[in-house]
Amino acid sequence: MLSLAMSCYAQSTSDTSSKLYSFIACDVNNDKSVDIADINTIVSVILKNATDSTFVQQSDVNDDGSVDIADINSVIAFILTPPRAAISWVDDDFNAFDWSKDGALRPVYQELHDFCLEHNVRLDFARGSFSTPYNAHVIQAHLDLCLQWQSEGFHYLYHPNHSMGWYDYDVEHPHDASKIEESAMDCFLGFEYYGFDAPKILVWPGDSHKFEDNYPVVRRLYDCAISATYKETNHRAENDRHCLKRLSLECLKMGYLTKTEFKQYLKEAVDRGDWIILGTHFVSITESDVPDETSYNTANAYEIIQYADSLCHIRPTGDVWAERKHMWGL
Ligand SMILES: [Zn+2]
């Protein structure tokens with residue numbers, strides 16, 4: 001099928017009608033991805049000579065009043081064209097409630113939430129199953145707040161319990177790949193039980209992405225997975241979809257990049273059309289209003305996030321994945 005696609009693409013590039021169309025136009029079957037299924041939909045409209053199906057209008061991708069090979073070419077050209085840059089943002093180990101203060105919301109998370117609303121940016125919170133086991137008692141006020149944030153456009157991504165075999169967590173909790181499926185299921189069930197709606201995306205706990213024997217389970221359960229790297233981005237599909245890379249703001253405190261270098265790195269990645277997954281841990285960030293070049297603090301974080309968003313609007317990881325997954329499917 002790929003060779004057919006390539007030959008159609010070769011024709012379409014020499015064809016003056018080979019204008020590129022948008023993701024929305026090319027997602028003929030409305031399944032939030034542009035792939036072979038959209039081509040199949042167009043082909044079936046053509047073969048059935050359909051006139052009344054709801055897909056007929058949508059299959060006319062190029063809006064020229066007929067559904068034909070030109071529409072298929074437009075979809076193929078879209079699939080084969082390097083996508084525009086994308087930025088998403090994952091805050092790891094979401095832990096908004098301070099048990100040393102009776103479970104009160106930590107001010108740093110309130111500030112993060114308010115910053116996002118003010119600047120119209122949304123991030124994904126990587127978090128566990130809300131309780132372990134999934135149906136254990138959870139404080140209703142905490143749940144209500146998390147669900148309210150979800151309704152405001154924040155997302156939660158699956159981030160199973162670190163100590164459940166994913167990697168060598170500590171002496172009592174060594175790596176054991178036979179345990180991770182149960183841990184992953186606990187997280188799925190927790191999200192479902194409490195009404196959280198997440199794409200099938202894993203945020204690898206700790207450095208568990210380095211353990212090869214974890215991959216069979218992860219490949220089976222998740223569409224893709226984000227690893228805990230510091231200074232990497234995702235160019236095209238050359239890296240494993242279950243080992244997507246993160247660009248962590250903690251590069252500052254690690255001495256990998258100064259703030260100025262971080263912004264430069266971001267700019268170059270956007271210019272290449274990369275997918276940049278920004279990483280933070282607000283649970284351990286330093287609260288400070290004083291920007292500098294090397295601190296992992298809130299002043300620097302907000303400055304970098306605003307700069308990133310000015311280069312390319314930050315969008316939910318699930319939306320970016322839906323738009324780019326065809327790159328991994330070819
Ligand atoms: Zn974590």
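In which loop is the place of D102?

A: Happy to. A note on the model to begin with: this is a predicted structure, where local features need pLDDT of at least 70, side-chain atom pairs count only at pLDDT 80 or more, and totals for chains, interfaces and linings use all residues. Residue numbers start from 1 along each chain as its sequence is written.

D102 sits in the loop between β2 (97-98) and β3 (104-105). Helices (H or I, at least four residues) and strands (E, at least two) are DSSP runs, numbered from the N terminus. The backbone of D102 has a positive phi of about 55°, although D102 is not a glycine. D102 counts as exposed because it has 8 C-beta neighbours inside 10 Å.

N30 is not a glycine either, yet its phi is positive, at about 60°. It belongs to the loop between α2 (23-26) and α3, and N30 is exposed because 12 other C-beta atoms lie within 10 Å.

Buried in α3 are D38, I39, T41, I42 and V45. They lie on the same side of α3 because they cover an arc of only 155° around the axis, an arc taken from the directions from the helix axis to the C-beta atoms. An α-helix has 3.6 residues a turn, so residues three or four places apart point the same way. The other side of α3 carries the exposed residues A37, L47 and K48. After α3 comes N49, with another positive phi, near 50°.

One more backbone feature is worth a look: T132 and P133 are joined by a cis peptide bond, with omega about 0°. P133 is in the loop between β4 (124-127) and α7.

Key: Buried ≥ 20, exposed ≤ 12 C-beta atoms within 10 Å, placed from the backbone.
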